[in-house]
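Have a look at the picture first, then read on.

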Amino acid sequence: MIYFCHGIVGVPEFHANIGIFKKLNRYLRRENQTEIEIEIKIEGEVEVEVEVEVEVERIMKIREAVKEDMPQVLELIKELAVFEKEPDAVEISVADLEREGFGENPLFTCFVAESENGIVGAALIYFRFSTWKGRTLHLEDLIVQESERGKGIGEALYKEVMQFAYDRGLKRVAWDVLDWNTGAIRFYERSGADILKTWRVVHMDEKGLKNYIEKSSVK
């Protein structure tokens, strides 16, 4: 991030701007972030340009989720459902996530992105078995809080998932993406993933399953 300040030495507004930069420096030091550097360029006798470059590394880390994170993870899941235009689709509870993810035989692994604002992103994965490839990985959800998007958090979570698969020698990572989510599709393609256009996702929901079993039992 680069800030520019133009002014004339001796003019109050110019020195006020310098004061703002000094305050910003103190804040960054307090927050353990990189200080800004101020470079003053003299042009002629009085014209001065101040260029301030700020390298602010977000205090954010990716880690494996713990049981206590599940309330915030559930909120992210609900936010994703709204984004995907199915706000009423989420039926699971915090207790479900805690039981299925942290019991004796956990069904999933979850990574979270944590910043000074708390948990701002999550990626939930689990193993699958392919009759062609053997053990593979499924990425169920990759979620970034709406207010935190565009800051590289999604890519950091994505990389963590791919590293997880690579370290275990898995042959494939698979996931679904909505056809209208063009931003995500472009990102996946840039990363080297293939978007399969000749396959369809098939779901049998709870109602369909009940109807099928009841009808097939009558015969």
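Two strands count as paired if DSSP finds at least two bridges between them. Helices (H or I, at least four residues) and strands (E, at least two) are DSSP runs, numbered from the N terminus. What you're looking at is a predicted model, where local features need pLDDT of at least 70, side-chain atom pairs count only at pLDDT 80 or more, and totals for chains, interfaces and linings use all residues. Residues are numbered from 1 along each chain as its sequence is written, and side-chain values use heavy atoms, with hydrogens and water left out.

Now for the overall plan. The chain has 6 helices and 8 strands, and from the N terminus on they run β-α-β-β-β-α-α-β-β-β-α-β-α-α.

In what order do the 5 strands of the open sheet stand? The order is E4-E5-E6-E7-E8, and the pairing is mixed. Strand E4 (60-64) and E8 are at the edges with a single partner strand each, so one side of each has no neighbour in the sheet. As a bit of background, strands of a sheet pair through backbone hydrogen bonds, either parallel or antiparallel.

Let's zoom in on E5, residues 109-115. E5 runs antiparallel to E4, with 5 bridges joining the two. E5 also runs antiparallel to E6 (residues 118-130), this time joined by 7 bridges. E5 and E6 make a hairpin, with 2 residues between them. Here are some of the residues that face each other across these strands:

| Residue | Stands opposite |
|---|---|
| Valine 112 | Alanine 122 in E6 |
| Cysteine 110 | Leucine 124 in E6 |

Is E5 mostly covered or mostly uncovered? E5 is mostly covered, with 6 of its 7 residues buried. Buried means under 20% relative accessible area, exposed means over 50%, and partly exposed is in between (1.4 Å probe, protein chains only). Across the chain, buried residues make up 31% of the 219 residues.

Finally, the surface. Arg128, Lys133, Lys171 and Arg172 gather there in a patch of positive charge. A patch takes residues with over 30% relative accessible area and no salt bridge, joining like charges within 9 Å. A salt bridge is a side-chain nitrogen of Lys or Arg within 4 Å of a carboxyl oxygen of Asp or Glu. Lysine 171 sits in the loop between helix H4 (153-167) and strand E8 (173-174). Why does lysine 171 count as exposed? Because its relative accessibility is 61%.

How values were computed. Patches are made of residues with over 30% relative accessible area and no salt bridge: like charges are joined within 9 Å, nonpolar side chains (Val, Leu, Ile, Met, Phe, Trp, Tyr) within 5 Å. Accessible areas come from the Shrake-Rupley method with a 1.4 Å probe; for residues, only the protein chains shown count as cover. Lys and Arg count as positive and Asp and Glu as negative; His and the chain ends are not counted. The place of a charge is taken as NZ of Lys, CZ of Arg, CG of Asp or CD of Glu.
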